[in-house]
Amino acid sequence: MKYSGIACLLLAAFSQHLQAHVVLSESQAQAGAYFKASLRVGHGCNGSSTTGITVTVPAGFQGAKPQPKAGWDLLTRKAKLVQPYTSHGKLITEDVVELRWTAASKESALLDEHFDEFSFMSRLPEQAGPVWMKVLQTCEVGQIDWSEVPSSGTSTKGLKSPAALLMIKSDSAAVTSAAGITVNDAWVRPTVAGQKSTGAFMKLTAKETAKLVGVSSPVAGVAEIHEMKMEKDIMKMASIPSLSLPSGKTVELKPGGFHVMLMDLKSPITNNSKVPLILHFQDAKGVKSQMEISLEAGMPHQH
Ligand SMILES: [Cu+2]
């Protein structure tokens, strides 16, 4: 934990930089969920007060409902967005919704030294991935078109006026086996080049007391249940024959604790891919069962 102080400083510097742009105050959301998108406007246009904010609701967002603001007029209109690419020589246009807040008077304009948020509620698409939200900020003098999108990836570094980014995360729905064991938030750490083993993590909750007695996966030559333990002041991991699942209690497999070890990997595990894993259980009477789950490759969900 020696470096955490530095990491915090870097993070602080990074978020200050972000506040200079129009950003979403909540930049992650679950696919298919109802989401309140709040666009934070941190400054005017070169010192000039903000008098209007127009948000282009991205395609796939359903039933966008803007939140009224005192002193601001609200307008919702349908617009055609022309895509910057062509198919068979034709321009592709997309029907989108534009939401516009306009300061009703000079007094309600947003001063450069103040900040405010402009929000709308909408149902998010089922598809996970990054979504860019274009915002036009108009001021008493001048305007800023927050519409730049990186050519690849999601870093806005080097962009002068990037669009606001929303990361839509796929819904890691809980799955329950016939034997009444529920698995939540199952994920696997992606591998780097040459890495032949990795860890998988999840939350297990058994209705009736049971044990996890084995794991297997078509992507791994060997799969084991591991625990972490201190041995002469060194944290080591070791294979265990089974993991107890007490009735009604959630047992968490997490980095630094119990985990599933996938070894002798047949191919690299790339970010956002899905990895099948078979869990083998045994109940208190000795009856065996198994269930197949899908591990999501990437960092865990934050909920
Ligand atoms: Cu391990």
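Two strands are taken as paired if DSSP finds at least two bridges between them. Strands (E, at least two residues) and helices (H or I, at least four residues) are DSSP runs, numbered from the N terminus. On this basis strand 3 and strand 8 pair in the antiparallel sense over 8 bridges, and within this pairing A37 has F120 in strand 8 as its bridge partner. The structure is a predicted model, in which local features need pLDDT of at least 70 and side-chain atom pairs count only at pLDDT 80 or more, whereas totals for chains, interfaces and linings use all residues. Residues are numbered from 1 along each chain as its sequence is written.

The protein contains 1 helix and 22 strands. Its mean pLDDT (the predictor's confidence in each residue, from 0 to 100) is 87, and 87% of the residues reach 70 or more. Residues 1-19 have pLDDT below 50, and beyond near neighbours in sequence this stretch has 2 contacts in the model. Where pLDDT is low, the predicted coordinates should not be read in detail. A contact requires the C-beta atoms of two residues, placed from the backbone, to lie within 7 Å. Of the contacts in the protein with a separation of 6 or more, 69% are between residues 24 or more positions apart.

Burial was assigned from C-beta atoms placed from the backbone: a residue is buried if 20 or more other C-beta atoms lie within 10 Å of its own, exposed if 12 or fewer, and partly exposed in between. Buried residues make up 26% of the 303 residues in the protein. A nonpolar core is a set of buried Ala, Val, Leu, Ile, Met, Phe, Trp, Tyr and Cys residues joined through C-beta atoms within 7 Å. The largest such core has 31 residues, and L39, V55, V135, A164 and L166 have the most contacts inside it. At least two residues of this core come from each of strand 1 (23-24), strand 3 (34-41), strand 4 (50-57), strand 7 (90-103), strand 8 (116-123), strand 9 (129-139), strand 10 (143-146) and strand 11 (164-169). Apart from neighbours within four places in sequence, L39 is in contact with V22, L24, I53, V55, E117, F118, V135 and A164. A second, separate core comprises 26 residues, including A223, I225, L253 and L277.

An open sheet of 4 strands has the order 1-3-8-5, with antiparallel pairing. Strand 1 and strand 5 (62-66) are at its edges with a single partner strand each, so one side of each is left without a neighbour in the sheet.

Two loops bring residues separated in sequence together in space. In the loop between strand 7 and strand 8, D112 is partly exposed, with 17 other C-beta atoms within 10 Å. The C-alpha atoms of D112 and H43 are 4.6 Å apart, although 69 residues separate the two in sequence. Leaving aside neighbours within four places in sequence, the contacts of D112 are H43, G44, G47, S48 and S49. P162, in the loop between strand 10 and strand 11, is buried, with 23 other C-beta atoms within 10 Å. P162 and E148 lie 14 residues apart in sequence and 4.2 Å apart from C-alpha to C-alpha. With neighbours within four places in sequence again left aside, P162 is in contact with H21, W146, E148 and T156.

K232 has a phi near 50° and is placed in the loop between strand 16 (220-231) and strand 17 (234-239). K232 is exposed, with 5 other C-beta atoms within 10 Å. N272, likewise not a glycine, has a positive phi of about 70° and is found in the loop between strand 20 (259-265) and strand 21. N272 counts as exposed because 11 C-beta neighbours lie inside 10 Å.
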